[in-house]
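Student: I would like to go through this model and ask how its terms are applied.
Tutor: Go ahead; here it is.

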Amino acid sequence: MRLLAPAALGLAFLALPLIGLLVRAPWATLGDRLQDPSVVQSLRLSLVTASTATIASLLVGVPLAWVLARTSFLGRSFLRAFITLPLVLPPVVGGVALFLSLGREGYAGKVIDDWFGITLPFTTAAVVLAQTFVAMPFVVISVEGALRATDSRYDEAAATLGASRWRTFTRVTVPLSLPGIAAGAVLGWARALGEFGATIMFAGNFPGKTQTMPLKVFLALQTDPDAAIVLSLVLLAVSITVLAALRERWLTGAGV
Amino acid sequence: MNLDAHVVVRRPGFDINVEIQGQAGDTVALLGPNGAGKTTCLRAVAGLQPIDAGRVLFGGIAVEDPSQHIRVPASLRDVGLVFQDHLLFPHLSARDNVAFGLRSRGTRKQQARATATAWLQRVGIGDLADRKPRNLSGGQAQRVAIARALVTNPSLLLLDEPLAALDAGAKMTLRSELRRHLEAFPGVAVLVTHDALDALMLADTLVVLDEGVVVQRGTPEQVSAHPRSDHVARLVGLNLVRGTANGTVVTTGSGVDVVSATDSSGDVFASFRPSAVALDTHRPTGSQRNAWRTRITELAPYGDVVRLHLEGELDLVADVTPQAITSLALDIGDPVWAVVKATEISVYPA
Amino acid sequence: MKPNRVFTVAVVVALPLATASCSSDSSGSDKSTLTVLAASSLTEAFTTLETQYESDHPDIDVVFSFDSSATLAEQVTQGAPADVLATADEDTMKTVTDAGDAAGTPQIFTTNTMVIVTPPDNPAGVTDVSDLANSSVKLSLCDETAPCGSAAKELLTLDHVNATPVSFEPDVKSVLTKVTLGEVDAGIVYASDAHTAGHDVSTVQITNADQVVNSYPIAVLKDAPQPAAAQDWVDLVRSSAGQKVLANDGFGAP
């Protein structure tokens with residue numbers, strides 16, 4: 001009983017702002033507003049970039065998490081702290097950092113520009129990069145936890161059966177940690193979807209190319225709060241649908 | 001292909017320094033109390049634990065030799081390992097578990113699964129091939145584990161307490177089956193166990209470990225008849241005493257005399273069966289008998305006898321008939337004389 | 001275990017920073033605070049005037065919030081506590097007066113015109129507003145929702161220039177930052193911004209810039225906690241001393 005009261009309080013705290021959105025929504029004009037093609041455009045952009053960023057975070061983050069969980073070397077805790085840096089960095093600072101490194105005048109971006117003629121800022125790719133930057137720590141930390149919870153003796157069993165490290169990783173370690181990896185991916189996706197500061201700094205704001213939903217909401221709020229509310233509701237609805245569709249079984253690992 | 005391993009692993013408590021040899025077709029059992037280093041030795045031979053010194057030779061070729069910087073990783077050693085708690089991959093069916101080793105070595109999927117199914121039939125659970133490990137009983141799972149280890153025809157089979165996690169019934173059944181497999185197995189098998197029956201039934205050679213070193217080596221009959229450690233003595237159900245012999249009298253370190261019927265001298269072991277211990281409430285007469293003053297600390301039925309633990313001049317285990325208990329009105333805490341005929345005592349060099 | 005330690009360190013580092021920003025607000029309980037919301041283009045000028053104001057009013061600490069006019073106006077109409085609001089155009093101020101949040105009539109205290117700025121070496125070689133139509137020129141503009149955005153759009157239309165920027169920034173300072181970082185080839189900002197940026201940018205005049213003038217209104221807010229002090233600030237800004245500071249920063253006469 002003593003746990004229920006704080007839990008209920010927490011739930012209320014989270015629910016109140018969301019209820020506020022529903023209450024203030026311009027239900028009368030909702031239909032017309034949703035027909036606006038720019039809404040669909042920025043929604044599609046948000047979903048595509050967030051999903052791409054999540055995949056990128058997994059491709060790089062899962063091996064990184066494996067290194068943290070399964071190997072030991074001097075400086076490992078420093079590496080882990082370093083990876084979680086984007087978590088404590090204000091997103092705008094992250095955006096500036098991305099500029100200074102990957103921008104047209106950035107130390108790495110300059111090289112890319114000279115060699116390939118590609119500049120990264122203000123492109124959709126820049127949106128994905130900014131989102132990956134903020135989402136990857138979530139993925140790495142979640143996956144590391146999942147890997148640590150998986151019995152490493154299975155890895156040993158696989159080794160005695162002749163499996164190479166790569167085969168063990170793909171056929172044993174990853175399948176057994178899948179619920180944790182899935183949970184990390186969901187966390188990363190949600191973070192990427194909501195990313196604002198780094199995106200507006202590094203990728204800028206251009207409808208169809210870099211104007212994700214959060215950016216659109218922010219700008220709409222300046223002149224047309226009702227539009228902002230509608231956009232927020234759309235984002236909310238999409239997020240809830242995706243999260244609810246992920247079956248609890250996959251995320252909690254019950255049944256493995 | 002024979003095994004020649006000298007395993008040296010440095011540990012904070014004590015170092016492990018063990019030599020294990022086996023010819024093709026042999027089964028070597030590693031016996032010893034918990035923490036003696038048996039599992040570490042097994043893991044070292046498998047390649048899961050690096051050795052600090054010594055070397056491991058498979059068929060005369062070094063798979064590990066720190067002095068030469070040679071270390072073949074576990075995945076490249078031709079070994080099969082059966083773990084105590086089977087460690088079957090939870091996300092794969094029994095068939096896919098068994099096929100895993102074949103697939104890892106490049107066998108095509110169809111072929112591997114067919115071979116796996118055949119092996120599962122061989123261990124008697126062909127109809128459970130599609131089940132996941134969580135839907136198998138302990139005995140069934142361990143059978144799958146054995147099949148999984150044997151399917152790749154390894155040169156060396158390592159078993160780490162394979163029957164320990166099973167209930168008594170499954171243990172007995174599986175022990176007989178394992179005996180068949182081991183007899184048919186052409187390579188060297190090394191078995192870690194703390195069960196005397198495992199050792200006696202399955203092994204050709206026993207290697208007894210204690211605190212990281214070998215304290216006794218021999219056939220099961222030799223070792224159980226003349227144990228050189230408390231652990232084995234208890235395991236095979238004998239009373240064991242160590243002392244210095246002078247003629248027929250063996251004197252223990254605490255000054256207690258044990259009289260036997262054999263002449264010997266020097267550092268010796270003296271052993272006798274629990275059933276050779278008779279009890280009396282009065283000091284018996286006659287020089288052909290040993291009589292030690294003890295107190296009963298434990299008393300429990302044991303088959304059709306009663307087993308007592310006695311502590312005093314010597315610490316003993318005695319098996320007596322229930323009638324003896326009642327006629328002497330014995331109970332825990334009672335002082336009692338433990339009497340053993342000299343002829344019942346076996347003496348052999350330490 | 002380790003992630004927990006990272007968070008602990010992060011909190012330990014963040015706490016002094018958080019409390020530091022708090023303490024600057026309440027340095028000395030005998031001082032009262034004057035909250036001024038101003039368009040970001042007024043950053044340098046108002047900061048200069050702060051020194052003079054605080055020496056005239058030793059018991060008052062002036063606190064600024066510089067942001068895009070639209071954001072500030074929104075905050076005021078949503079009930080943010082402040083004393084003074086100064087916006088970069090009249091339309092934005094109108095949203096505040098329409099909502100009844102201004103005390104009295106806003107006064108125009110300065111004006112601003114638009115110019116093109118480029119990185120100091122002018123990598124794209126922009127010499128005229130018509131160059132902005134060139135697709136190879138990376139251009140940054142304010143978003144329409146901000147006064148600088150609507151003004152820039154008006155000016156470009158007037159000059160018949162069809163320019164597509166790579167990014168619409170939420171406020172004029174962001175446009176300036178992109179230019180000074182060298183990430184864009186050109187941006188349209190206020191003359192005052194170009195002035196204060198000094199050697200960090202090169203400036204190119206826009207044809208007909210004098211046709212598109214942003215008039216900056218300033219108003220004391222209805223629910224101002226310090227109405228007298230607020231009025232003093234307005235008076236300072238409109239005084240010759242204030243006007244001199246504004247002119248020095250590239251602003252135009254009201």
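Student: What makes the meeting of the side chains of Glu156(A) and Arg43(B) a salt bridge?
Tutor: A salt bridge is a side-chain nitrogen of Lys or Arg within 4 Å of a carboxyl oxygen of Asp or Glu. Between Glu156(A) and Arg43(B) the N to O distance is 2.8 Å, so the pair meets the rule. The rule finds two salt bridges across the interface of chain B and chain A.

Student: Where do the numbers and letters come from?
Tutor: Residues are numbered from 1 along each chain as its sequence is written, and chains are lettered from A in the order in which they are written. This is a predicted model, in which local features need pLDDT of at least 70, side-chain atom pairs count only at pLDDT 80 or more, and totals for chains, interfaces and linings use all residues, while side-chain values use heavy atoms, with hydrogens and water left out.

Student: How many residues of each chain are in the contact?
Tutor: Chain B gives 20 residues and chain A gives 17 residues; contact means heavy atoms within 4.5 Å.

Student: What is the area buried between chain B and chain A?
Tutor: About 1800 Å², with 63% from carbon and sulfur atoms. Buried area is the accessible area (1.4 Å probe) that two parts lose on being put together, summed over both. In chain B, Leu87(B), His91(B) and Phe100(B) lose the most area to chain A, together 29% of what that side buries.

Student: Which residues does Trp233(C) touch?
Tutor: Among them are Leu34(C), Phe46(C) and Ile218(C), with residues up to four places away in sequence not counted.
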